[in-house]
Amino acid sequence: TISYSLSAAAMLIKKRKLTASFLEIPEEKDTLLRSWRSGEHSDWTLTVGESTFKVHKVIVATGERASAFLAAAFRKHLGDVEEHTDLTKLLPKQCWPHFEAVLDFIYSDKLEIEAESWGPLVKMADVLQMGTLYTKCVEAGNQFLCNEDADKHAPRLAMDAVRLQLGGRLQDEVIQVAVDLMASCFKSIQTTDLVMQPVEVLQLLLQRDDLEVDHEDAVFDLLLELSSRLEKAQMELLWRCCRLQRLSPNKVLKIADIEEIPKEALVWALANRPAPFVNLTPPSWANPWSHGTAYRGREILFVIPNARDYAAKRYTRSESHRLLDKFSWRLLIFPHGTGTESTPGKTTAAFVELVPDADFDEWTVKGIRYSITAVNWKYPEKNITKDHEFQFSHFEVDNGWHRGFVPVEDMTEEQGWLNGKGELCFRGNLCCRSAEVQIQGSADGAQLTEVRMANSAHGSEAPRQVKAGNVRQMGNGGAGPARRSN
């Protein structure tokens, strides 16, 4: 006799499972998917250029990805005309190749946004009144302008923002962020990419004090190259961005061959060259050329007259060049060194100095790479170059070398360290692409903090506002404080 308990039987029943599956008709499976591509069951036609698209009103006009514009077009239809909407004149031609992507997004929520398609997709989202698509494009734009390829994407986004007339706050924000990025990595931007930029973007870019160029001659050479590719009216506007008073003599001579630079501009530049002891008020005819006068550039060529006449510990500073949003930089040179007169083996000492615009309580600039070269006028192969990366701060505003440059006893014309006029020459080069700026300051009694990357392509958030305080007074001449040695 075999017997089973009730609980054991129940356990056997629970282990049994139904396994039958639905028998699909293979050829019908794909036709059941939501799609505009087959045209099946469609009830409206859209035309874009020479292409037509069969769509479904209930899908295109409802849901979170719907087009409010097309929904309104459907409602206005009274049945006495063809069920059709022509978007050809409404959408710019640059948008046409990307219209299929918009339909795919409406039907399936699938969308891949590239830098080349970003502008057209934003424009169509605006015209067709698709809030979800617009938001998705804004998020993608942030990624393009914050990732490691931001310097490559920025020119394209700025160009499309203007050409497609995205308008409003978004266009202004894209242009501003893109110009910030392009200014910080200007040396790496190809001329072919700059030629494609609208004139208004180029003007904003070339007017920047912190433009990444070695010197003003580089701006002149670029504009000269652009002049062969752009129209005369465009170049008349762009030449105003060049600070003629900061050009080398060789470049000034070339101005005579440039029709787009009027004599008024040259007169104004010569009146400010070198920088006058008094501030000149520009006459009305000079206004278009007087917006930018400060030195800018990542290279400083500092020629020191009467270098043999300096006493030990006496120093001189070069002109300040704009570097970052709130900082300038300059060279600090001790022609006869930082030691006393009796110090044996004295050599020239050279330093890079960072100068904040405002009297911040605390500030730090990390990741500044620089080099200083003692230039031999007669024997260039004897040039002495030293380079370093340093974290500048309110505690250490300068960094460089006490020793290792030109021995004071060798500072002669015969040795090549002085030219026929008795001038000593130093060249400084600086890179701040990877710089990180941290500021804590007190302005108008309020504690303010800012943390930002010099190149926003590295993904920093927008800084909080910092109000400018009193300019730090740092005079020329006199005995310098003890300096850091490398």
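**Entry 1: Thr 316.** I looked up the contacts of Thr 316, where contact means heavy atoms within 4.5 Å. Leaving aside neighbours within four places in sequence, I found Phe 302, Ile 304, Tyr 310, Leu 331, Leu 332 and Ile 333 in contact with Thr 316. Thr 316 is in strand 5, residues 316-317. I noted how elements are named: helices (H or I, at least four residues) and strands (E, at least two) are DSSP runs, numbered from the N terminus. Is Thr 316 buried or exposed? Thr 316 has a relative accessible area of 14%, so it is buried. The cut-offs are under 20% relative accessible area for buried, over 50% for exposed, and partly exposed in between, with a 1.4 Å probe and protein chains only.

**Entry 2: what I am reading.** This is a predicted model, in which local features need pLDDT of at least 70 and side-chain atom pairs count only at pLDDT 80 or more, while totals for chains, interfaces and linings use all residues. Residues are numbered from 1 along each chain as its sequence is written, and side-chain values use heavy atoms, with hydrogens and water left out.

**Entry 3: the whole chain.** I counted 15 helices and 14 strands in the protein chain. The chain has 486 residues, and 44% of them count as buried. I also checked contacts between residues at least 6 apart in sequence; 67% of these join residues at least 24 apart.

**Entry 4: His 321.** I moved on to strand 6, residues 321-324, where His 321 lies. His 321 has 8% relative accessibility, so it counts as buried. From His 321 to Ala 294 I read 7.3 Å, C-alpha to C-alpha, although the two are 27 residues apart in sequence.

**Entry 5: the cores.** A nonpolar core is a set of buried Ala, Val, Leu, Ile, Met, Phe, Trp, Tyr and Cys residues joined through side-chain atoms within 4.5 Å. How many residues does the largest nonpolar core have? The largest has 81 residues, and Val 55, Phe 99, Trp 118, Met 182, Phe 186 and Leu 223 have the most contacts inside it. Helix 9 (residues 168-184) gives the most to this core, with 8 residues. A second, separate core has 37 residues, including Ala 307, Phe 360, Ala 374 and Val 397. I then looked up Val 55. Neighbours within four places in sequence aside, Val 55 is in contact with Trp 36, Ser 42, Asp 43, Trp 44, Leu 46, Val 60, Leu 103 and Tyr 107.

**Entry 6: helix 6.** Among the buried ones are Trp 118, Gly 119, Pro 120 and Lys 123. What covers them? The cover includes helix 4 (68-76), helix 5, helix 7 (131-144), helix 8 and helix 9. Just after helix 6, Gln 129 takes a positive phi of about 55 degrees.

**Entry 7: Ser 108.** Ser 108 lies in helix 5, residues 99-108. Ser 108 has 34% relative accessibility, so it counts as partly exposed. Ser 35 is 73 residues away from Ser 108 in sequence, yet 7.9 Å away in space, C-alpha to C-alpha.

**Entry 8: helix 12.** Glu 216 is in helix 12, residues 216-226. Its relative accessible area is 3%, so Glu 216 is buried. Not counting residues up to four places away in sequence, Glu 216 touches Cys 241, Cys 242, Arg 243, Arg 246, Leu 247 and Arg 296. Other buried residues in helix 12 include Asp 217, Val 219 and Phe 220. The cover over the buried residues of helix 12 includes helix 10 (191-195), helix 11 (199-206), helix 13 (232-238) and helix 14 (249-254).

**Entry 9: cysteines.** How many disulfides does the structure hold? I found 0 disulfides, taking a disulfide as a pair of cysteine sulfur atoms within 2.5 Å. Cys 432 is in no disulfide, and the nearest cysteine sulfur, that of Cys 431, is 6.3 Å away. Cys 432 has 5% relative accessibility, so it counts as buried.
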